[in-house]
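Here is a friendly walk through the model for someone meeting it now. Please keep the structure open beside you as you read the numbered points.

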Amino acid sequence: MTREISKTERAKRTLCVVDVENCASTSDLSLEHALHVHEAINKAVPEAVMHVVGCSHRNAAAARFAFDRSRIVVRSGVDGADLALIEVLETERIEQRFSRVVIASGDHIFVPVIKLLRDAGVEFDALSTKWQLSHEWSC
């Protein structure tokens, strides 16, 4: 049985969703890349109470080692990591559990789910370099 989160608790909760391959700017993730991303995420979003990290099966070991206390979702193929993260955002009652979501990616594929959750009252921030951030994120 899942405990309901009160509005007061929800108001303080930040979820950080990480496309580790996008953040590392590589589809061939090394442990060094993953550790660097983990360190940067922790510095940028220290208030996050939960991290969900998406990657392909080829990069799962590096992601699991670097983000050892995080939830790892794995899906391969075109946009696989993005789709795995979107599935979490669409199906796991995020709007009832978190007041803010930080997405560490600039991919345009996240825009529809951002709009849905924003309409439900969830605040959003992107963590990305300016050259990787899709112009569609200004939604």
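1. **Confidence.** The chain has a mean pLDDT of 87, and 83% of its residues reach 70 or more; pLDDT is the predictor's confidence in each residue, from 0 to 100. Among the elements, helix α1 (residues 7-10) has the lowest mean pLDDT, 52, while strand β3 (residues 71-74) has the highest, 98. Helices (H or I, at least four residues) and strands (E, at least two) are DSSP runs, numbered from the N terminus.

2. **Ground rules.** This is a predicted model, in which local features need pLDDT of at least 70 and side-chain atom pairs count only at pLDDT 80 or more, whereas totals for chains, interfaces and linings use all residues. Residues are numbered from 1 along each chain as its sequence is written, and side-chain values use heavy atoms, leaving out hydrogens and water.

3. **Salt bridges.** The count comes to 6 salt bridges, each being a side-chain nitrogen of Lys or Arg within 4 Å of a carboxyl oxygen of Asp or Glu. One of them joins the side chains of Asp-28 and Arg-58 at 3.4 Å, N to O. This pair links distant parts of the chain, 30 residues apart: Asp-28 sits in the loop between α2 (20-24) and α3 (31-44), and Arg-58 in the loop between β2 and α4. Arg-58 is exposed, with a relative accessible area of 53%; here buried means under 20% relative accessible area, exposed over 50%, and partly exposed in between (1.4 Å probe, protein chains only).

4. **A pair within a helix.** Lys-43 and Glu-39 also meet through their side chains in a salt bridge, at 3.2 Å, N to O. They are separated by about one helical turn because they are 4 residues apart in helix α3. Lys-43 is exposed at 63% relative accessibility, and Glu-39 is partly exposed at 45%.

5. **Arg-71 and Glu-92.** Where does Glu-92 sit? Its place is the loop between α5 (80-91) and α6 (94-97). The side chains of Arg-71 and Glu-92 form a salt bridge of 2.7 Å, N to O. Here too distant parts of the chain are linked, with Arg-71 in strand β3 and Glu-92 in its loop, 21 residues apart. Salt bridges that share partners also join Glu-47, Arg-100 and Asp-125 into one network. Arg-71 is partly exposed at 32% relative accessibility, as is Glu-92 at 22%. Leaving aside residues up to four places away in sequence, Glu-92 touches Arg-71 and Arg-97, where contact means heavy atoms within 4.5 Å.

6. **His-51.** Not counting residues up to four places away in sequence, His-51 touches Cys-16, Ile-41, Asn-42, Ser-70 and Arg-71.

7. **Cysteines.** How many disulfides are there? The count is 0, a disulfide being a pair of cysteine sulfur atoms within 2.5 Å. Cys-16 is in no disulfide, and the nearest cysteine sulfur, that of Cys-23, is 8.0 Å away, too far for a bond. Cys-16 is buried at 0% relative accessibility, whereas Cys-23 is partly exposed at 26%.

8. **A nonpolar patch.** Leu-31, Leu-35 and Phe-65 make a nonpolar surface patch of about 280 Å². Phe-65 lies in helix α4 (residues 60-66) and is exposed, with a relative accessible area of 56%. Patches are made of residues with over 30% relative accessible area and no salt bridge, with like charges joined within 9 Å and nonpolar side chains (Val, Leu, Ile, Met, Phe, Trp, Tyr) within 5 Å. Accessible areas come from the Shrake-Rupley method with a 1.4 Å probe; for residues, only the protein chains shown count as cover.
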